[in-house]
Amino acid sequence: MGTKDKVFDTLRANRDQWVSGEALSSGLGLSRAAVWKHVRGLRQAGYVIESAPRKGYRLRGAPPLLLPTEIRGGLETSVWGQREIVHAFEIDSTNARARSLVAQGAPEGTVVVAEYQTGGRGRLGRSWYSPPGQGIYLSLIIRPGLSLQEAPKLNMLLAVAAAEAVAERSGLPVGIKWPNDLVVNHRKAGGLLIEIGADMDAVEYAVAGLGLNVLTAGFPGSLDHTATSIFRESGRSISRAGLLRGLLRRLETVYDHQRTFGFEKIRRRYIELTGLVGQSLRVEVSGRTITGRVQRIDEFGALVVEDDQGRASRVVSGDIVPTTGNAAGR
Ligand code: BTN
């Protein structure tokens, strides 16, 4: 738990009562200046904290949070979210924290969630815009028991589970833009960053990071034209904790299905949600551009693209630009 979380925890435990600056700093082993800095940070994140000379600080109001107790109330899973839930007000990246928990032996089902990321990471070395209290910034520890070759299948599984959960809770038509963006009306509302640790033949762990724009009203710069949020699309401020419970439940259902029945049904659903087969597109793959028509999505989630001369290329990662149709439009 970070020091800001400790300051908040103390104020929350004494909600509506004054806690002196002295009690906070000596109780938490912080300087008075550090306490003040954290209070300022919490205020910026939307918490109403009064301060008065000789009295100290008093928490009066807090926006709805993704605290473990909020998530667990009404959570209908048996593993996901039933193990440790690590919550942070502010973190560099939930994926980075999850990876350090993996190194300490954290089991499958461990969840890391944050209100705000200062260094949220996206695919292909990009960053992930993670403003305080407006999104879900979540990382899950998975120990999938897959061979290294099968690891990409996890991407399909997670993308399908996330898209279905968001659609169910928000009522919005959520599609997948290959490989794992969640899109609504052609704009990106969420994305997955899956990081894997493996030896020569088996996946030891996967950290699945999901970023979802829930309440965000506007985005900085050019992102405002390409990104969206559930609030922007539906005009509704849905509960982040409720959505997170829905995500964990759907993830568990799809994950368990795969363990018993394999990936084929998930792949078919993935194909449906991407709407990509038969579409023409351009893909940028490490500096090279492939243009053609998507013939199929194979059992690992790779695109098989056929060009004008009938030559097929298998594409495992990259950015696609559809040139016809309504791929992932939703
Ligand atoms: C992408 O579309 O590029 C993937 C974005 C993934 C962002 C999430 S937010 C929670 C987790 N922690 C991170 O640093 N990144 C992922």
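**Close-up views of a predicted model**

Asn-213 counts as buried because its relative accessibility is 4%; buried means under 20% relative accessible area, exposed over 50% and partly exposed in between, with a 1.4 Å probe and protein chains only. The model is predicted, so local features need pLDDT of at least 70 and side-chain atom pairs count only at pLDDT 80 or more, while totals for chains, interfaces and linings use all residues. Residues are numbered from 1 along each chain as its sequence is written, and side-chain values use heavy atoms, with hydrogens and water left out.

**View 1. Asn-213 in strand β9.** Strand β9 spans residues 203-213; strands (E, at least two residues) and helices (H or I, at least four) are DSSP runs numbered from the N terminus. The side chain of Asn-213 lies 2.9 Å from the backbone oxygen of Thr-228. This is a polar contact, defined as a pair of N or O atoms within 3.5 Å; within protein, one atom must be able to donate a hydrogen and the other to accept it, and residues adjacent in sequence count only if both atoms are side-chain atoms. Beyond four places in sequence, the residues in contact with Asn-213 include Trp-128, Tyr-129, Lys-188, Phe-219 and Thr-228, where contact means heavy atoms within 4.5 Å.

View 2. Nitrogen atoms of the ligand lie 3.0 Å from an N or O atom in the side chain of Thr-94 and 3.0 Å from a polar side-chain atom of Gln-117. A polar backbone atom of Arg-123 is 2.6 Å from a ligand oxygen atom. The protein buries 98% of the 420 Å² that the ligand exposes when taken alone, with areas from the Shrake-Rupley method and a 1.4 Å probe.

View 3. Asn-180 is buried because its relative accessible area is 5%. Its side chain makes a polar contact of 2.6 Å with the side chain of Asn-155. Beyond four places in sequence, Asn-180 is also in contact with Arg-123, Ala-159, Gly-191, Leu-192 and Ile-194.

**View 4. Leu-124 and Asn-185, two residues with positive phi.** Most residues other than glycine have a negative phi, and most peptide bonds are trans. Leu-124, in the loop between β4 (111-114) and β5, has a phi of about 55 degrees. Asn-185, in the loop between β7 and β8, has a phi near 50 degrees. Asn-185 is partly exposed because its relative accessible area is 40%.

**View 5. Val-48 in strand β1.** Strand β1 covers residues 48-52. Val-48 is partly exposed because its relative accessible area is 45%. The C-alpha atoms of Val-48 and Arg-60 are separated by 5.4 Å, although these residues are twelve apart along the chain. Not counting residues up to four places away in sequence, Val-48 touches Arg-58, Leu-59, Arg-60 and Gly-61.
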